[in-house]
Structures are given as structure tokens and as C-alpha cells.
Amino acid sequence: MRRRMALVGVMFLVAGTMIAATVHKVGDAALGTIPYGRFEKNEVCAQCHTDIAQQYAQSLMSKSFTHQWDEAEYFELAVPHAEKLAKVAGVKAGCNGCHAPLAFLAGDIPPKRPEEGSRANEGVSCDVCHSITGFEGKIPFNFNYIIEPGDTKQGVRTGTESPYHKIHANPFLASTEFCGTCHNEKDPWGMWVKATQLEWKRSPQGRAGITCQQCHMPAAPGNSAPNAGGQHHPDVRQHLFHGAHWPDMLNGAVSVAIVGSSDTVRPGKQTRLIATVMNIKAGHMIPSGSAEERVVWLDVNATDAAGHVYHIKVDRKGFKGENLTISSPGTMAYQDIGDIKGIKNFPGLERDGDVPAGDRIFRLPYLDDRGRMTVAQWNTASFGPDYRLAPLKAINETFTWELPKEIAPGPLTVTATVWYSRVVSSVARYMGLSEAEYMPVRMGQSALHLMVTTN
Ligand code: HEC
Ligand code: HEC
Ligand code: HEC
Ligand code: HEC
Ligand code: HEC
């Protein structure tokens with residue numbers, strides 16, 4: 001046994017030197033360096049890793065090239081823009097470095113549309129992640145992963161065996177840098193248009209060492225390959241990858257509490273309400289990642305004893321760029337869509353979609369080189385104020401409200417709700433997306449009971 005171990009050790013050493021000697025092209029330079037045939041299909045892995053494969057198939061990760069909004073943004077905005085403007089020419093291939101790694105590595109650019117059924121559709125597949133051995137440089141970003149597909153699958157455990165493939169225990173897969181290679185992105189203008197892993201590093205969870213994997217791939221007792229000789233472990237990584245596309249992940253990720261300055265209020269008189277909003281579950285900003293297109297907002301309404309509903313507008317704080325964080329129906333943005341599509345005098349689209357007037361929006365405005373808000377993250381030349389919800393930090397919003405004279409005496413219920421929409425509704429409708437892509441999801445809600453008195 002000893003001797004066998006030693007032999008294996010020598011073999012690993014030899015293999016290690018061979019790997020070190022091979023030059024692996026990374027990031028943009030990896031384009032066209034690995035043919036499709038070198039990667040195995042998910043169906044192969046699914047034969048033994050049945051449950052993991054089912055979980056993964058349910059996640060957005062498995063649809064990283066095929067789901068509707070990805071297809072629309074890539075083919076209708078990014079590709080035409082890249083062909084028109086030299087500054088952003090790189091995204092025609094680059095988007096695929098994260099969304100369709102197989103196509104990028106094979107040099108199949110642009111990949112065929114999803115309906116044609118090419119291997120680009122496999123997106124971020126099992127064999128993509130389990131062939132990543134490390135990353136190049138100091139900061140993980142822009143698909144700077146080192147990828148070595150083959151018989152050896154990268155895992156984390158030592159002492160496990162598979163009848164089908166070799167296993168290399170690689171601590172890199174347990175690191176957040178692994179995720180950061182795709183979840184941090186710098187655009188052609190040098191802006192950090194995605195910084196989920198960088199945000200995490202500064203977060204209380206990051207400082208406590210609670211990784212992406214712990215929240216997005218939680219550990220549960222089980223066996224990842226029960227019918228192929230797999231072992232039982234107390235902590236098998238569940239391949240859920242739930243995020244903004246999983247309502248249950250959004251529900252409760254933000255908490256909101258609302259109080260008034262007194263328990264009784266009078267018609268025609270002013271009262272002041274304070275809402276405290278907090279990101280209690282995410283180890284990064286909310287929204288994170290694709291923040292250019294997400295809308296997270298706080299909506300406050302009061303219902304009187306007669307059932308009339310009054311909408312209450314947030315107070316201004318007076319910081320620079322604040323206008324971009326308060327909903328203003330009729331204000332237009334996203335005019336760069338017109339430039340991309342070659343539409344003359346394109347007026348733009350409603351900046352805030354369906355968000356009611358005067359609601360606070362927790363967002364990071366992405367601005368193009370003319371200072372207009374954009375959903376094209378690759379076209380971001382600067383940012384507005386970062387008014388998102390930082391992990392385990394609270395923001396207070398106040399509401400100075402003059403009660404209508406006609407408000408009904410009796411109980412008054414004030415509700416504060418934080419909503420999440422994955423794509424600004426105006427953009428989603430313009431791009432022809434199904435409602436499922438932008439329907440608001442409730443993150444948190446609370447109610448305050450007041451009494452309207454007239455004496
Ligand atoms: C014939 C069955 C079989 C097939 C096919 C198979 N595996 Fe495995 N794999 C196993 C077994 C058994 C283990 C060991 C599980 C254990 O004991 O924890 C394993 C372990 C793993 C591990 C965990 C390594 C570790 O210990 O951390 C990874 C990662 C993995 N497989 C990836 C893949 C991928 C990716 C594919 C498809 C390209 C695949 N496997 C196909 C049977 C299989
Ligand atoms: C090879 C690139 C790549 C790697 C590595 C990667 N991801 Fe992703 N991930 C993506 C892409 C691309 C999407 C978006 C898919 C889409 O838009 O359809 C995504 C989506 C997600 C989502 C879903 C977000 C939502 O809005 O629902 C979560 C959660 C996630 N990834 C977590 C992780 C974690 C945790 C890791 C590390 C263990 C990781 N990812 C590693 C590329 C990657
Ligand atoms: C403490 C738990 C926790 C940790 C740690 C964590 N996340 Fe999340 N993540 C969440 C929750 C909860 C959500 C849902 C709220 C949201 O969408 O912002 C989320 C959402 C996301 C989303 C969707 C964001 C959006 O708004 O589109 C992505 C992508 C993601 N996480 C990736 C990561 C990556 C990558 C890491 C590590 C660098 C990480 N997460 C670390 C809990 C966590
Ligand atoms: C986005 C990257 C990503 C994708 C896609 C992915 N995995 Fe994993 N997988 C990981 C990471 C990271 C770990 C180890 C996490 C840790 O232990 O910290 C892991 C762990 C595993 C394990 C070991 C589980 C355990 O804890 O014993 C198996 C087996 C596995 N993956 C198989 C698969 C299969 C099969 C697929 C496709 C159906 C797949 N993976 C898709 C990132 C990925
Ligand atoms: C560095 C890796 C990377 C690059 C490059 C990249 N993306 Fe993404 N993209 C991601 C990740 C990771 C997510 C998921 C983030 C989240 O949910 O917050 C994502 C999300 C998206 C989404 C949102 C999907 C949804 O419904 O929530 C779209 C659309 C998209 N990307 C299109 C593109 C286009 C078009 C390009 C090229 C201009 C591009 N991406 C370049 C990693 C990347």
C-alpha cells in the first residue's frame with residue numbers, strides 16, 4: 001500500500017511538471033484554443049451524478065447561453081454593437097467566455113442561435129467548471145480561468161474514487177476566486193461592471209470566510225454518485241446556484257421595518273415615517289452582478305378605514321446624483337439602444353419602467369460615455385452613485401407625508417414593500433421578453449398600524 005501511494009505520488013509529480021510545462025492560453029487569448037470535442041456532455045456525468053445533474057438543470061447556470069434575455073441581449077445588442085464600434089469589438093467573442101465557454105474556447109464566434117442546437121448551448125457545463133484548475137493574474141475577472149479538460153476532474157475532496165474519471169483534489173474549487181473568474185467583469189472602458197466577488201471580499205461574510213459555495217451550493221448529507229460506488233459524506237455540495245431567478249432566494253433576502261413619529265395622525269396634518277431597509281442574507285450588494293438592469297425599490301402605501309389607498313413619496317436626502325435613485329415616470333434613458341440599432345432620434349425608454357413615482361430605487365446607475373443610463377454593461381463609461389443595499393447594513397428612508405383632508409377617520413395601515421425586478425420593465429417589453437423575465441418579486445414587507453383621529 002505504502003509503495004503504491006509512493007508510486008502514485010511520483011506519477012502526480014510527473015503529471016504536475018507536464019502541466020507546468022504546457023502553456024495554457026487564458027482569457028481573451030484562449031479563444032479558439034480547445035475544440036468542442038475535448039469537453040464531455042452533461043448527459044455523461046448525469047449517468048452517475050443523478051441528483052446533482054437534476055439540480056443543475058433547474059438553475060440559470062445551465063441556461064447561460066440559451067435563456068431568452070441572454071439570447072436577445074447578445075444577438076440583438078452586443079453583436080451589432082461590436083460590429084459597429086471598435087471600442088467594444090471584443091464583446092462579440094468575450095460575452096461567450098463566461099456564457100458559452102465551449103463555443104469561445106472552440107473559436108465558434110458568434111455561436112449559432114440556441115434553436116440550432118449547437119454545443120454552445122451547453123453554457124457553463126459540468127465539464128467546464130470541473131476542468132478549471134486555477135486562474136491567471138492577481139484578480140479573478142473576465143474569464144481568466146485556466147482550463148484543462150480531460151480525464152481528470154477537479155474536485156475538492158481527497159480519498160474519493162470514480163470508476164470513470166480521475167480526480168484531482170484542488171482547493172481552488174472551494175475558493176471564491178473560482179466563482180470570481182466569471183462573476184467579476186471589467187468592460188472595455190475599464191469599469192468594474194460586475195464585482196460580486198470583490199464586493200464579497202469587503203463584506204462581513206467575506207471577512208468571516210463564508211464563501212459563495214456555502215450560500216449557493218449548500219452542503220447536505222448524501223452521496224453524489226450512489227449507483228457508481230460513491231461514498232456517503234456529511235457535506236455533499238448541492239448544485240442549486242439559486243440567485244435572482246429563484247423567488248425563494250429573493251423573498252426575505254431584504255428586511256424592511258416601518259415606524260411612525262406617533263401612533264395617531266390627523267387629516268390635513270403632516271406626519272413622518274421611517275423605513276429601515278436591510279440586506280440580511282446576501283454576502284454582496286443587492287442587486288449584485290447584472291446590476292445595470294435590476295430594479296430594487298421601496299414602495300410605501302397607506303390604506304384608510306374606507307379602503308382608499310394613498311401612495312407616499314420618499315424624502316430626498318440631497319446627495320449627488322440622487323435623482324437617479326428616485327423613480328420619475330416620463331424620464332427617458334437607454335438611448336444607446338437606438339445608436340446600436342441605428343434608429344434615428346430614438347427617444348429612449350422609460351428609465352424606471354413601472355416603478356411608481358417618488359419611490360426610492362436601490363441601484364448603481366451604469367452610464368454610457370454621454371452620461372445616459374444604459375443596460376448595456378459593456379458600454380459603461382462611468383457610474384452614478386452606488387445606492388445599493390450593502391450586506392448586513394441598514395439604510396433609513398424617511399417619508400414626510402401630509403395626510404389628505406378627506407382621509408377616513410379610524411385605523412390606517414401603512415405598508416412598506418421592497419420589490420425586485422430582474423430587468424427594467426420598459427427595456428424588457430421593448431426587447432420582447434416574456435413577463436417572467438421582469439415580473440416584480442417581493443423581497444420584504446412590513447406593516448404599521450396608525451389611528452386617524454379628528455378631535
Ligand atoms: C460511471 C460513473 C461516473 C461518471 C459517468 C462520472 N462520475 Fe464523477 N464521480 C463518480 C464517483 C463514484 C465519484 C466519487 C464520489 C464520492 O465518493 O464522493 C465521482 C466524483 C466526482 C467528483 C468529486 C471529486 C471530489 O472528490 O471532490 C467530481 C467533481 C466529478 N465526479 C465530476 C464528474 C463530471 C464533471 C463528470 C462528467 C464529465 C463525471 N463526474 C462523470 C462517478 C462518475
Ligand atoms: C465559467 C463561468 C462561471 C463560473 C466559474 C461561475 N459562474 Fe455563476 N454564472 C455564470 C453565468 C454566465 C451566469 C448567468 C447565466 C445567465 O445569465 O443565464 C451565472 C449565474 C449564476 C447564478 C444565478 C444568478 C441569478 O441571477 O439567478 C448564481 C447564484 C451563480 N452563478 C453562482 C456562482 C457560484 C457560487 C460560483 C462559484 C462556485 C459560480 N457561479 C461560478 C458563470 C459562471
Ligand atoms: C451569505 C450568503 C451569500 C454569500 C456568501 C453569497 N451570496 Fe450570492 N446571493 C445570496 C442571496 C440571498 C441572493 C439573493 C438576493 C439577490 O439576488 O441579490 C444572492 C444572489 C446572488 C446572485 C444574483 C444577484 C443579482 O442581483 O442578480 C449572484 C450572481 C450571486 N449571488 C453570486 C454570488 C457569488 C459569486 C458569491 C461569492 C463571491 C456569492 N454570491 C456569495 C446569498 C449569498
Ligand atoms: C459553476 C461551476 C460548477 C458547475 C456548472 C458544476 N459544478 Fe460540480 N462543483 C463545483 C464546485 C465549486 C464544487 C466544490 C465546492 C466545494 O466543495 O466547496 C463542486 C462539487 C461537485 C461534486 C462533489 C460533491 C461533493 O460535495 O461530494 C460533484 C460530484 C460535482 N460537483 C459534479 C458536478 C456535475 C455532475 C455537474 C453538472 C451536472 C456539476 N458538478 C456542475 C462547481 C460546479
Ligand atoms: C466575466 C464574465 C461575463 C461576461 C464577459 C459577460 N457576462 Fe453576462 N453574466 C455573467 C454573470 C456571472 C451573470 C449573472 C449575474 C447575475 O445574475 O447577477 C450574467 C448575466 C447576464 C445577463 C442577465 C441574465 C438574467 O436574466 O438575469 C445577460 C442578459 C447577460 N449576462 C448578457 C451578456 C452579454 C450580452 C455579454 C457581452 C456583452 C455578457 N453578458 C458578458 C457573466 C458574464
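Three elements, α2 (42–46), α7 (126–129) and β3 (152–155), each contribute at least two residues to the shell around ligand 1. The model that holds this shell is a predicted one. The shell around ligand 1 comprises 26 residues, and C45, C48, G155, R157 and S162 come nearest to the ligand. Sorted by class, the residues around ligand 1 are 10 nonpolar, 12 polar and four charged.

The protein chain as a whole comes next. It contains 14 helices and 21 strands. Its C-alpha atoms fill a box of roughly 95 × 55 × 35 Å along the principal axes. Of the 455 residues in the protein chain, 39% are buried. Among contacts with a separation of 6 or more, 66% are between residues 24 or more positions apart.

The protein chain is divided into two parts, domain 1 (2–237) and domain 2 (247–452). Taken over C-alpha atoms, the centres of domain 1 and domain 2 are separated by 34 Å. In the contact, 26 residues come from domain 1 and 24 residues from domain 2. On the side of domain 1 that touches domain 2, at least two residues each are supplied by α4 (68–84), β6 (192–195), α9 (196–202) and α10 (204–207). Of the elements on this side of domain 1, α4 gives the most, with eight residues. The residues on the side of domain 1 that touches domain 2 are 15 nonpolar, seven polar and four charged.

Ligand 5 lies between domain 1 (2–237) and domain 2 (247–452), because both domains give residues to the shell around it. That shell has 23 residues, of which V91, C95, C98, E185 and G289 come nearest to ligand 5. The elements giving two or more residues to the shell around ligand 5 are α4, α5 (91–99) and α8 (176–183). With six residues, α5 gives the most to the shell around ligand 5. By class, the shell around ligand 5 divides into 10 nonpolar, nine polar and four charged residues.

Domain 1 (2–237) and domain 2 (247–452) both give residues to the shell around ligand 3, so ligand 3 lies between them. Ligand 3 is surrounded by 26 residues, and the closest are C212, C215, G243, G283 and P287. Two or more residues of the shell around ligand 3 come from each of α8, α9, α11 (212–216) and α12 (247–250). The class division around ligand 3 is 12 nonpolar, 12 polar and two charged residues.

Seven of the nine residues of α5 are buried, and the helix is mostly covered. The buried residues in α5 are V91, G94, C95, N96, G97, C98 and H99. The cover over these buried residues includes α4, α6 (101–106) and α8.

The pairing of α5 with α4 has its own geometry. The axes of α4 and α5 come within 9 Å and cross at roughly 150°. An angle over 145 degrees counts as roughly antiparallel, and α4 and α5 are therefore roughly antiparallel to each other. In this contact, D70, Y74, A78, V79 and A82 of α4 meet V91, K92, C95 and H99 of α5. The residues of the contact of α4 with α5 are six nonpolar, one polar and two charged. The spacing of residues along a helix bears on such a contact. An α-helix has 3.6 residues a turn, so residues three or four places apart point the same way.

T417 is found in strand β20 (residues 410–421). Is T417 buried or exposed? T417 counts as buried because it has 20 C-beta neighbours inside 10 Å, and 20 or more is what a buried residue requires. Leaving aside neighbours within four places in sequence, T417 is in contact with D299, R442 and Q445. From T417 to G159 is 49 Å in space, C-alpha to C-alpha, and these two residues are 258 residues apart in sequence.

Methods: Residues are numbered from 1 along each chain as its sequence is written. Chains are lettered from A and ligands numbered from 1 in the order in which they are written. This is a predicted model: local features need pLDDT of at least 70, side-chain atom pairs count only at pLDDT 80 or more; totals for chains, interfaces and linings use all residues. A residue is near a molecule or strand if its C-beta atom, placed from the backbone, lies within 6 Å of it. Helices (H or I, at least four residues) and strands (E, at least two) are DSSP runs, numbered from the N terminus. Ala, Val, Leu, Ile, Met, Phe, Trp, Tyr, Cys and Pro count as nonpolar, Asp, Glu, Lys and Arg as charged, and the others, Gly among them, as polar. Domain bounds come from an automatic or database domain assignment. Two residues are in contact if their C-beta atoms, placed from the backbone, lie within 7 Å. A residue is buried if 20 or more other C-beta atoms lie within 10 Å of its own, exposed if 12 or fewer, and partly exposed in between; C-beta atoms are placed from the backbone. Axes are lines fitted to C-alpha atoms, for helices over the stretch in contact, and angles run from 0 to 180 degrees between N-to-C directions. Angles under 35 degrees count as roughly parallel, over 145 as roughly antiparallel, 65 to 115 as roughly perpendicular and the rest as oblique.
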